[in-house]
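Please open the structure in a viewer and keep the selection tool at hand. The tour goes from one selection to the next.

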Amino acid sequence: MSSVVSTTSKRRRRGRVEPMFYYFLVPALVLFTLCITVPALMGIYYSFTDSIGFGEYNFVGLNNYAVLFSDPAIVKSYLFTIGVSLLTVILVNVIALFLAIGLTSQIKMRTALRTIFVLPMVVSGIIISFVFQFIFANTVPAAAANMHLPFLQESILADPKLAWLAIVLVTTWQAVPSAMLIYIAALVTIPNDVYEASALDGAHSPQQLMRITLPMISGYVLINVILGFKGFLSMYDIIVGLTNGGPGTSTRSVAMTIFTGFDTGDYAYQMANSTIFFIITLAIALIQLRVSRGKAQF
Amino acid sequence: MTAQVLPETPLQEEVKNSAPRRRIRKSTSSAWIKTLLLALCSLTVLLPFLVAVLMAFKTTDQAILNQAFALPKPWSIEGFKEAWTLTNFPRTFAVSVLITVFTVLFSVLVSAMASYAIARNWKRKFFRFSSYYLMAAMFLPFPVLALSQVKLSGYVGLDNPVGVILLHVMFGLSFNVLLFTAFIRSLPEELEESARMDGASPWRTFWTIIFPLMLPMSATVAIFAMLSSWNDFMMPSMIIADPSLQTLPVVQKMFQTQFSNNYNVSFASYLLAMAPSIVAYIFTQKWVMSGLTQGAVK
């Protein structure tokens, strides 16, 4: 506590830290270490063993990792998770941007409409997925049969080739509002004059969108993409509610695969999977942050 | 990602600001067309809720007919009665409320205090590195740590709602500290200086001057914490060992297995579980929207 007093800094006139600041920070650090750091280190430790979750275990070096990369179930879960995340991020941002533009333009009943569009983000993902599950499995096929449509009479949730589509749709349904709110906040910062000036020069709406709106909110687009990826990569609730990973294992996300470590005896193996999952999540976040550097200015 | 949020920005202002600022030249007829288009889009949001309401008020005999959009005939509250007892609603609701209230309370207090210590001692290594340490978990999703945390929480007797509260607060810490430190930096240090001149202790200065000024950011943190802990499924389902201490979203899973054909009961239960957050949202929506936007734009 006897650090050098900087003469330029007013705050450390007395040369030592007020003890209160330690009381404020240290408990948080201790709890954080116990709740986050210790489990993280424990996970890495067990990933080098053959533990089944309890009892004795041996060290197996990098064995788990070596098996992991050639395990088709694992590779599939990563491809599925990343693919669905990517698609959802794109869909969410396109829809959210259009809704935000609509809701900030000259319209009637603005408050009511905005209230409705934000609704999906305040309800629980798993519960609304149960509702959607009923719609996809019962309502849609029944409606298709009534209208004598040749397709859609079978539930898409039961089709290994199409079940992912339901997951993308429901995840998008729930993720649009938060992205939309960010875009609304971004759009109201663009001065009106810019649009008026461009209209005088003869620019039409699509041109204004591409040349004015998008460049001016690029920072917010990146934030939405980063936050979106962060959430979608660990997707779990909505899949449990819709397909529970099925049919077969066709919609099993990485998080679901990791949780199988509880009951299959693959404890250490899934610890290794968790570690890889974290590295991939972090890598994706860092790539995005790197791209955003220099662009995100506001 | 370094936008400044002015401390004096009242919460309501952002909502007002989003009033029409784009082109005003357009005629009212085009405003009505846009409104109509948006209203049509909003049907996709309302549809699942409509299905849930219509199903919940049917009798079991009518619900099984698979006509989701048929009006209940007669309107029946049998489903609600049965859902109430099956899910042990009062108890489950109490657990959910308890987890949410304490998560919100501790999220605000712990992160506000830690952030104050960090922001006001930024030039000291200990505080600066503590902040980096906490930020490192920003992109750490729960599934990565789940296996270790479930094991540890069992060892130390925290495999209950208390453990969930602790983990909710800790997982939110990174993001909340980021929000709070940026906010505290925008508060002039002269405030504390003058309070000290007047003989106020640092403790008193924090609680009577700084903490009240942080209200806008506290509201944002509280809303984020509230939404995520009330709607969380993954963490309570993994951590809480005793099924009688489960939260509302988790107990809904029972309708997927045991009572899968009593659609009126399951939908009544979903409605009961979603209603509190929807009602809370409708009454506090101005705060929710401006709070979420403020957090997101940081």
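This is a predicted model: local features need pLDDT of at least 70, side-chain atom pairs count only at pLDDT 80 or more; totals for chains, interfaces and linings use all residues.

Stop 1: Colour chain A and chain B separately. Where they meet, 82 residues of chain A are in contact with 77 residues of chain B. On the side of chain A that touches chain B, select helix α1, residues 19-46 of chain A, which gives the most to that side, with 14 residues. By class, this side of chain A has 55 nonpolar, 20 polar and 7 charged residues.

**Stop 2: the core.** Next, select A:I167, A:M180 and A:Y183. These are the residues with the most contacts inside the largest nonpolar core, a set of 155 residues. Helix α6 of chain A supplies the largest share of this core, 18 residues.

Stay on A:I167 and show what surrounds it. Which residues is A:I167 in contact with, leaving aside its neighbours within four places in sequence? They are A:V84, A:I238, A:I239, A:L242, A:T243 and A:T251.

**Stop 3: two helices.** Select helix α3, residues 72-104 of chain A, together with helix α6, residues 163-187 of chain A. Two packed helices are described by the angle between their axes and the distance between the axes. Here the axes come within 6 Å and cross at roughly 45°. The contact of α3(A) with α6(A) is made by 22 nonpolar and 5 polar residues, with no charged residues.

**Stop 4: backbone details.** Most residues other than glycine have a negative phi, and most peptide bonds are trans. The next selections depart from this.

Select A:M109, in the loop between α3 and α4 (110-118) of chain A. A:M109 is not a glycine, yet has a positive phi of about 55°. Is A:M109 buried, exposed or partly exposed? A:M109 has 14 other C-beta atoms within 10 Å, so it counts as partly exposed.

Then go to A:N244, in the loop between α10 (237-242) and α11 (254-259) of chain A. Phi of A:N244 is also positive, near 55°. A:N244 is partly exposed, because it has 15 C-beta neighbours inside 10 Å.

Finish in chain B by selecting B:K73 and B:P74. The peptide bond that joins them is cis, with omega about -5°. B:P74 lies in the loop between α3 (60-63) and α4 (78-86) of chain B.

How values were computed
Residues are numbered from 1 along each chain as its sequence is written. Chains are lettered from A and ligands numbered from 1 in the order in which they are written. Axes are lines fitted to C-alpha atoms, for helices over the stretch in contact, and angles run from 0 to 180 degrees between N-to-C directions. Helices (H or I, at least four residues) and strands (E, at least two) are DSSP runs, numbered from the N terminus. Ala, Val, Leu, Ile, Met, Phe, Trp, Tyr, Cys and Pro count as nonpolar, Asp, Glu, Lys and Arg as charged, and the others, Gly among them, as polar. Two residues are in contact if their C-beta atoms, placed from the backbone, lie within 7 Å. A residue is buried if 20 or more other C-beta atoms lie within 10 Å of its own, exposed if 12 or fewer, and partly exposed in between; C-beta atoms are placed from the backbone. A nonpolar core is a set of buried Ala, Val, Leu, Ile, Met, Phe, Trp, Tyr and Cys residues joined through C-beta atoms within 7 Å.
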